[in-house]
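Me: I would like to go through this model with you. Could we begin with the terms for accessibility and then turn to particular features?

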Amino acid sequence: MAFDGLIADKAFDSNALVAELNDRGARIAYPSTPPARRNSRSTPASMNGHLIENFFCKLKEFKRVTMRACKTDQSFEAMIYLAAAVINSR
């Protein structure tokens, strides 16, 4: 699947995933795990984890996104875009 970037939460802070995304040339936006809990990340992500976690919290307010009520991947993606647009307009 081709994409330009990934917005994720702390669960996606793994060396293997970061290496794969760097190989693809994708931009990564996720809060890094604190150093005490991190295995071997020498450079933490430069994103504000609080803002990303807040975005996911707001995204989960939309029942169709949380329950994954859409039948196809394309309609689920459209629902996430719609929810993000509503969040941005608030």
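Reply: A residue is called buried under 20% relative accessible area and exposed over 50%, and partly exposed in between. Please note that this is a predicted model.

Me: Where does R24 fall, buried or exposed or in between?
Reply: R24 has 44% relative accessibility, so R24 counts as partly exposed.

Me: And what does the R24 side chain meet?
Reply: R24 forms a salt bridge with E20, at 3.1 Å from N to O. E20 is partly exposed as well, because its relative accessibility is 40%.

Me: How many salt bridges does the structure hold?
Reply: There are two. E61 and R90 also pair through their side chains, at 3.3 Å from N to O. That pair joins distant parts of the chain, 29 residues apart: E61 sits in the loop between α2 and α3, and R90 in the segment after α4. E61 counts as exposed at 53% relative accessibility, and R90 is exposed at 61%.

Me: Changing topic: which residues make up the largest nonpolar core?
Reply: It has seven residues: L59, F62, V65, C70, M79, A83 and I87. Helix α4, residues 73–89, gives the most, with three.

Me: What does V65 touch?
Reply: Leaving out residues up to four places away in sequence, V65 touches L59, F76, M79, I80 and A83.

Me: What about the largest pocket, how much space lies in it?
Reply: About 1,100 Å³. Of its 23 lining residues, L6, I7, F76, E77 and I80 are the closest to the centre. The largest share of the lining, six residues, comes from α4.

Me: Which classes line the largest pocket?
Reply: The lining has 16 nonpolar, two polar and five charged residues.

How values were computed. Residues are numbered from 1 along each chain as its sequence is written. This is a predicted model: local features need pLDDT of at least 70, side-chain atom pairs count only at pLDDT 80 or more; totals for chains, interfaces and linings use all residues. Side-chain values use heavy atoms; hydrogens and water are left out. A nonpolar core is a set of buried Ala, Val, Leu, Ile, Met, Phe, Trp, Tyr and Cys residues joined through side-chain atoms within 4.5 Å. Buried means under 20% relative accessible area, exposed over 50%, partly exposed in between (1.4 Å probe, protein chains only). Helices (H or I, at least four residues) and strands (E, at least two) are DSSP runs, numbered from the N terminus. Contact means heavy atoms within 4.5 Å. On a 1 Å grid over the protein atoms alone, a cavity is a set of points where a 1.4 Å probe fits but cannot get out, and a pocket is an open set with protein on both sides within 12 Å along at least five of seven lines; lining residues have an atom within 4 Å of a point. Grid points are joined across faces, edges and corners, and a volume is the space filled by probe spheres set on the points. Ala, Val, Leu, Ile, Met, Phe, Trp, Tyr, Cys and Pro count as nonpolar, Asp, Glu, Lys and Arg as charged, and the others, Gly among them, as polar. A salt bridge is a side-chain nitrogen of Lys or Arg within 4 Å of a carboxyl oxygen of Asp or Glu.
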